[in-house]
Amino acid sequence: MKKWFLYGKKADFDAIAKRFSIDPVTARILRNRELRTEEEIDRYLNGRMEDRYSPLLLPDSIRCMNLLDRAVSEGRRIRIVGDYDVDGVCATYILYTGLKKLGASVDYEIPDRIRDGYGINRSIIVRAKEEGISLLLTCDNGISAIEELRYAGELGIQVLVTDHHDVRQDEHGRDILPSAVAVVDAKRQGSRYPFPEICGAVVAWKVIELLYSKRNLPKESAAFALEFAAIATVCDVVRLRDENRIIVREGLRQILRTENRGLRALLQVTGLLEQEKLSAYHLGFQLGPCINAGGRLESAKTALRLFLSEDEAEASSYAVRLKELNEARKDMTREACERAYEQVEQRYREDRVLVISLPELHESLAGIVAGRVRERYYRPSFVVTNAEPAEDGSPMSKGSGRSIEDYPMAERLSEAAELLTKFGGHPLAAGFSLRTENLERFRQELNRLAKLSEEALQEKLWIDVPMPIDYIREELVQEWEKLEPYGAGNEKPLFACKGLRILSVNVLGRNRNAVKLRLRSAGGRELPAMLFADGDAFRQELAGRSSMDIAYYPTIHEYQGRRELQLTISDYRLC
């Protein structure tokens with residue numbers, strides 16, 4: 001069971017409500033999202049594209065812009081090196097299209113996920129030298145490529161880095177920067193950029209905006225990048241706050257009007273073109289997985305070629321292919337998850353850190369499966385697959401992990417470093433390689449060292465406001481729509497109500513995975529509610545009990561011209 005917590009942040013909610021003409025409940029939600037000042041609240045509610053931060057504030061942005069401008073003018077050959085995920089593809093598209101519009105001699109390279117791994121590498125640099133490339137421009141990678149970019153310099157190739165990832169530091173806390181002519185990353189020490197949580201595609205867009213400004217082109221010339229920056233922001237799961245919130249909100253409005261043939265074709269095959277309005281959910285769970293599927297199972301260049309396509313038939317073909325790859329990815333993931341759950345139930349139910357071996361699983365899916373396992377069991381979870389043998393022929397394995405709040409994964413991996421040949425990552429996601437013969441010792445060692453209490457292994461659910469359903473009005477639900485788009489860092493509001501009487505229960509759906517209830521409050525108000533869960537299991541759990549506490553979000557349900565308020569239940573407790 002999830003443990004419910006109530007936000008306890010203080011403020012003069014009535015004063016905020018009066019100042020911004022909103023309900024006091026909405027004022028509480030805004031304070032729960034760490035908005036403290038009137039300026040922050042105004043930017044959140046009313047931020048415009050003009051309120052985005054200047055590219056001039058990014059470290060090395062002027063130097064990068066000047067070098068690109070000179071390279072374009074001199075006709076030098078430029079090669080963009082992107083990444084194989086959604087952010088990398090969108091960033092590559094933005095830089096390539098932006099430079100092409102200026103007549104640049106530019107092409108691109110995206111590493112193969114399996115063969116090359118993440119980021120720029122020696123083989124890409126050697127090939128660039130052999131093909132007469134004089135300037136490499138990275139996006140969504142490069143900040144950690146210390147040895148690789150030193151090698152590029154030795155070969156006489158200039159490199160410009162545009163990235164958004166964390167910068168490694170030495171023992172004295174100083175940034176370790178790659179050997180590049182310019183390193184544009186808002187997370188550098190001394191950066192004047194007010195909001196460093198932007199993704200790689202947004203960094204790329206700002207470089208292009210700066211370049212166009214230098215050439216006295218109108219601001220609208222770079223507007224083509226907005227929709228791709230929005231997609232990348234959502235799919236890279238950076239915080240939907242401040243500038244990101246503005247980009248995604250405006251991008252969602254532009255996407256359905258897109259003039260990009262490839263993006264329009266992808267909207268068509270995913271059924272999103274018929275939507276009246278898009279949400280961050282559509283980007284993160286429908287468009288994004290299709291874009292990612294190319295890089296996972298085939299090549300990320302498939303998605304990039306889709307967005308660059310000028311022919312409708314060709315664009316449609318690429319879009320269909322990405323959808324097919326994503327369907328295959330979903331089938332492979334579903335099957336792998338079932339095997340992973342079975343392994344946990346049979347062998348590792350008592351483990352605090354789950355290390356699951358799925359040797360034949362496509363390694364690009366290991367992180368997805370680890371995430372699903374983490375969600376089901378709320379344990380730090382690693383999924384391990386076969387890897388290329390070591391130089392001496394020894395079998396090797398490769399793992400990808402997803403973590404929980406109280407288990408900083410990359411840090412914990414370092415405690416078992418003697419068993420690993422390579423590891424790295426972040427608090428919530430990490431990866432490693434090791435000799436297969438050490439896998440079981442690795443699992444035992446992580447569990448021996450894990451300092452996870454029972455409380456740490458209980459998932460937390462944060463409630464914004466304890467609110468009786470009697471308080472809900474259609475006008476209030478419409479007001480909360482102003483808080484969209486929801487996502488990481490700007491979660492959908494969640495309310496709680498106790499002691500609701502259950503009047504009826506109906507299990508719906510072909511897979512019986514939806515439950516429609518009718519609930520009545522102590523004050524006598526009745527509302528329908530939807531719970532998305534195993535319907536038959538819920539009926540069994542109900543076992544004659546007649547009331548429940550719920551954590552919920554209200555919506556306006558429209559059907560055949562009829563509108564009514566409806567509750568979506570996120571979690572519940574039977575009374």
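Colleague: By class, what residues are in the lining of the second largest pocket?
Modeller: Bear in mind that this is a predicted model. In the lining of that pocket there are 11 nonpolar, two polar and six charged residues.

Colleague: And which residues lie nearest its centre?
Modeller: Of the 19 residues that line the second largest pocket, those nearest the centre are Met 49, Arg 52, Glu 209, Lys 219 and Glu 220. The space in this pocket comes to about 560 Å³.

Colleague: Which helix gives the most to that lining?
Modeller: That is helix 8, covering residues 200-214, which contributes six residues to the lining of the second largest pocket.

Colleague: Switching topic, at what angle do helix 1 and helix 2 cross?
Modeller: The axes of helix 1 (residues 13-20) and helix 2 (residues 24-32) cross at roughly 105°, and they come within 8 Å of each other. The two helices are therefore roughly perpendicular.

Colleague: Which residues meet there?
Modeller: From helix 1 there are Phe 13, Asp 14, Ile 16 and Ala 17, and they meet Pro 24, Ala 27, Arg 28 and Arg 31 of helix 2. Sorted by class, the residues of this contact are five nonpolar and three charged, with no polar ones.

Colleague: Now the sheet with five strands: in what order do they come?
Modeller: The order is 7-8-9-11-10, in an open sheet with mixed pairing. Strand 7 (354-357) and strand 10 (422-425) are the edge strands, each of them pairing on one side only. On average, and ignoring direction, neighbouring strands of this sheet are turned by 20° against each other.

Colleague: How many bridges join strand 10 to strand 11, and do they run parallel or antiparallel?
Modeller: Strand 10 and strand 11 (residues 429-435) run antiparallel and are joined by four bridges; as one example, Gly 425 has Ala 430 in strand 11 as its bridge partner.

Colleague: What lies across strand 7, strand 8 and strand 9?
Modeller: Helix 15 (residues 366-377) lies across those three strands, and its direction is at about 45° to strand 9. Helix 17 (residues 439-449) also packs on the sheet, where it touches strand 7, strand 8 and strand 11, and its direction makes about 165° with that of strand 7.

Colleague: One last thing, which residues does the cis peptide bond join?
Modeller: It joins Glu 484 and Pro 485, with omega at about 5°, and Pro 485 sits in the loop between helix 18 (474-480) and strand 14 (495-508).

How values were computed: Residues are numbered from 1 along each chain as its sequence is written. This is a predicted model: local features need pLDDT of at least 70, side-chain atom pairs count only at pLDDT 80 or more; totals for chains, interfaces and linings use all residues. Side-chain values use heavy atoms; hydrogens and water are left out. On a 1 Å grid over the protein atoms alone, a cavity is a set of points where a 1.4 Å probe fits but cannot get out, and a pocket is an open set with protein on both sides within 12 Å along at least five of seven lines; lining residues have an atom within 4 Å of a point. Grid points are joined across faces, edges and corners, and a volume is the space filled by probe spheres set on the points. Ala, Val, Leu, Ile, Met, Phe, Trp, Tyr, Cys and Pro count as nonpolar, Asp, Glu, Lys and Arg as charged, and the others, Gly among them, as polar. Axes are lines fitted to C-alpha atoms, for helices over the stretch in contact, and angles run from 0 to 180 degrees between N-to-C directions. Angles under 35 degrees count as roughly parallel, over 145 as roughly antiparallel, 65 to 115 as roughly perpendicular and the rest as oblique. Contact means heavy atoms within 4.5 Å. Two strands pair if DSSP finds at least two bridges between them.
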